[in-house]
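Have the viewer open and follow along.

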Amino acid sequence: MRPLIWLGAFRRASWNRRLLGLEAAAELLRARILTALPARIYTRALGDAGTPATNPVTPQEVSKAAEIGKLVATIAKGLPIRAVCLQQVIATRRMLLRRGLRGTVRLGVREGLHAHAWLHLGENVVSGDGDLDKFAVIGTFS
């Protein structure tokens, strides 16, 4: 997204949406810096390794989480830094945790060593959606 278009959309948004967008931008910048560090350090931001979150979620929580995930992805396109799925998942996870929602992060690879990260809340993917069946899960964090 070109910066001027992004700025126009930001100016037309409600104050709550603007604040959420600023929070998303700050979290993406934080995640970008964090992922420049060794993996043993930044994987701590993904949560506890090995077990998925089992907390029950309501449809309203899933809807809110999906909205946040979509906003993070949109903001990532407008930033002057590269923020791919891993940074988006870290940013979304932190924003959800701030709202009392704990999801499950999955890291996967597919043929050709293409890596991907995605975030589940309950059974719903709220960040990093795509053709996930083609990825072999190599890490689960909650």
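## Confidence

A quick word on the score first: pLDDT is the predictor's confidence in each residue, from 0 to 100. This is a predicted model, and the mean pLDDT of the protein is 91, with 95% of residues reaching 70 or more. Among its elements, helix α5 (residues 85–98) has the highest mean value, 97, while helix α1 (residues 3–12) has the lowest, 67.

## The α4–α5 pair

Helix α4 (residues 59–78) and α5 have axes that come within 10 Å and cross at roughly 140 degrees. That angle makes α4 oblique to α5, and the crossing is right-handed.

On the α4 side, the contact is made by Ala-65, Ile-68, Gly-69, Val-72, Ala-73 and Ala-76; α5 contributes Gln-88, Ala-91, Thr-92, Met-95 and Leu-96. Of these contact residues, 8 are nonpolar, 3 are polar and none is charged.

## The sheet and its helices

Now for the strands: 4 of them form an open sheet in the order β3-β2-β1-β4, with antiparallel pairing. β3 (124–127) and β4 (136–141) are the edge strands, each pairing on one side only. Ignoring direction, neighbouring strands are turned by 40 degrees against each other on average.

Strand β1 (residues 104–110) is joined to strand β2 (residues 114–121) by 7 bridges in the antiparallel sense. Val-105 stands opposite Leu-119 in β2.

Both helices of the pair return here. α4 packs on the sheet by touching β2 and β3, and its direction makes about 35 degrees with that of β3. α5 touches β1, β2 and β3, with its direction at about 15 degrees to that of β2.

Definitions and conventions: Residues numbered from 1 in each chain as written. Predicted model: local features only at pLDDT ≥ 70, side-chain atom pairs only at ≥ 80, totals over all residues. Heavy atoms only, no water. Helix = DSSP H or I, 4+ residues; strand = E, 2+ residues; numbered from the N terminus. Axes fitted to C-alpha atoms, helices over the stretch in contact; angles between N-to-C directions. Parallel < 35°, antiparallel > 145°, perpendicular 65-115°, else oblique. Left-handed = near helix turned anticlockwise from the far one by under 90°. Contact = heavy atoms within 4.5 Å. Nonpolar A, V, L, I, M, F, W, Y, C, P; charged D, E, K, R; others polar. Pairing = 2+ DSSP bridges.
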